[in-house]
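Hi everyone, thanks for coming.

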Amino acid sequence: MAKTKPGKKDLDSYTIKGTNKIVRPGDCVLMRPSDTDKPPYVARVEKLEADHRNNVKVRVRWYYRPEESIGGRRQFHGAKELFLSDHYDVQSAHTIEGKCTVHSFKNYTKLENVGAEDYFCRFEYKASTGGFTPDRVAVYCKCEMPYNPDDLMVQCEGCKDWFHPSCMGMTIEDAKKLEHFLCSDCSSDDDAKRSLNTFPVSPSVEAKVEPKRRKR
Ligand SMILES: [Zn+2]
Ligand SMILES: [Zn+2]
C-alpha cells in the first residue's frame, strides 16, 4: 500500500496567489527565479503536496532554455524552444507566477499567433551530459540546418525540400510574393543528387566522431 509521510497530503490543484489560475499536476508553469533579472523558469508540475501547516510544495520537472544547456543556444533553436530535462526539484508553490503552454513542435508550427505563454519542446535533455533525445534531426536547405520555426522557409515544388530565402539569394519579401518556387538544383538540368541528411544535436555525440579507419 502506498503511504504518504505523516502530516502531508497530496493536492489535486493549487490556485496561484493573487490570481484565479488553477494549477494541476501535468500543467506547465512559470516560476520566479531568485535573480529577478532573469526570465522565469519553466517547469512541468509532477505533484502538489501540502504539509501539516498547509505550506504547499510542488514537485517539478524543469524545462531548460537553450542558453541553459551545456551546448548553449544554436542557430536552429527557436526563441520559444525549451528542452524537457531529467532534472527534478521540490519548490515552494509560492514561486509559481503563472501558467504556460509547452506545445509539441508540430502544434507550435501550426499556431496562428504565438503568445507570450506559448513555448515548444522537441528534445528531451539530459542535464548531466548535455545529450539530447532524439539525437539527430532532419536538416533542410543548402545550409543543411535543422528547422528553426522562427525562420521563414519556402518549399521547392520539385524536391519538396525547404529553403531559407537568404540561402537562395532572395529577400524575405521576395519569398513571400512567390507563388511557385524551384530551388537551384531543381531548376537546373543536372540530376540533383540529394541525400536525406541528419544533424547531430548532442555535443557529446559530435565529440565522439572519430576518423574512419580501414579494417585490417
Ligand atoms: Zn539555408
Ligand atoms: Zn528543389
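How are the donor residues of the zinc ion (ligand 2) spaced in sequence? They follow C-x2-C-x23-C-x2-C.

Before I go on, some housekeeping. This is a predicted model, where local features need pLDDT of at least 70 and side-chain atom pairs count only at pLDDT 80 or more, while totals for chains, interfaces and linings use all residues. Residues are numbered from 1 along each chain as its sequence is written, chains are lettered from A and ligands numbered from 1 in the order in which they are written, and side-chain values use heavy atoms, with hydrogens and water left out.

Okay, back to that zinc ion (ligand 2). Its protein donors are Cys156 (SG), Cys159 (SG), Cys183 (SG) and Cys186 (SG), at 2.2 to 2.3 Å. A donor here is an N, O or S atom within 2.8 Å of the metal (3.2 Å for Na, K and Ca), and water is not among the atoms, so sites may look incomplete. Cys156 sits in the loop between β12 (154-155) and β13 (162-163), and Cys183 in the loop between α2 (172-177) and α3 (184-187), so this pair ties together parts 27 residues apart in sequence. Helices, by the way, are DSSP runs of H or I with at least four residues, and strands are E runs of at least two, numbered from the N terminus. The angles among the four donor atoms run from 106 to 116°, making the site tetrahedral; for four donors, that means all angles between 85 and 135 degrees. Both Cys156 and Cys183 are buried, meaning under 20% relative accessible area, with exposed being over 50% and partly exposed in between (1.4 Å probe, protein chains only).

Now the zinc ion (ligand 1). Which protein donors does this one have? Cys141 (SG), Cys143 (SG), His164 (ND1) and Cys167 (SG), lying 2.1 to 2.4 Å from the ion. Along the chain the pattern is C-x1-C-x20-H-x2-C, and this site is tetrahedral too, with angles of 96 to 117°. Is Cys141 buried or exposed? It counts as buried, because its relative accessibility is 3%. Cys143, at 31%, counts as partly exposed.

Finally, zooming out: the chain has four helices and 14 strands, and buried residues make up 35% of its 216 residues. As for contacts (heavy atoms within 4.5 Å), among those with a separation of 6 or more, 56% are between residues 24 or more positions apart.

Definitions and conventions:
Four donors count as tetrahedral if all angles lie between 85 and 135 degrees; four count as square planar and six as octahedral if opposite donors are over 155 degrees apart and all others between 65 and 115; anything else is irregular.
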